[in-house]
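Subject: Model handover

Hello,

Here is the structure for your set. Please open it before reading on; my notes follow.

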Amino acid sequence: EMGRASEAEYDAATDRLARGEVTEADLCQLWTPLAIPLDATVCLTGLSSRAYLNGKRGRVISFVKDKGRYGVSVLGEALALKPGNLEHRPEEEPDPEPTQE
């Protein structure tokens, strides 16, 4: 399943914790972004360069662990956004995509 740690990744992370290479807080920070599932509705917040998108709702389409960003489809655009710019809204639907005239 995409967006979840594999058993090998989990084992490697807990081994690093046991060896003292990382703290529990480090691991929480690394894995917490995976808490928003694929296909979830999110509300965009705290964007500065594209402030007009704040308050818009989109759908999570991917998560790139190496970059720590979610792929979000919003108003017909695919954006790569930090977890801090997203609020999970499980009871809501994304804003409608623009229609082609």
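Buried here means under 20% relative accessible area, exposed over 50%, and partly exposed in between (1.4 Å probe, protein chains only). Helices (H or I, at least four residues) and strands (E, at least two) are DSSP runs, numbered from the N terminus.

This is a predicted model: local features need pLDDT of at least 70, side-chain atom pairs count only at pLDDT 80 or more, and totals for chains, interfaces and linings use all residues. Residues are numbered from 1 along each chain as its sequence is written, and side-chain values use heavy atoms, with hydrogens and water left out.

Confidence comes next. The chain's average pLDDT (the predictor's confidence in each residue, from 0 to 100) is 85. At least 70 is reached by 88% of the residues.

Now strand E3 (residues 69-74). Five of its six residues are buried, so E3 is largely enclosed by the rest of the structure. Strands pair if DSSP finds at least two bridges between them. E3 pairs antiparallel with E2 (residues 57-64) over five bridges; Arg69 is the bridge partner of Val64. Four residues separate E2 and E3 in a hairpin, and Gly68 in the turn has a positive phi of about 65 degrees.

E3 also pairs antiparallel with E4 (residues 77-81), over five bridges. Gly71 has Ala80 as its bridge partner in E4. This hairpin has two residues between its strands, and Leu75 in the turn has a positive phi of about 50 degrees.

Regards
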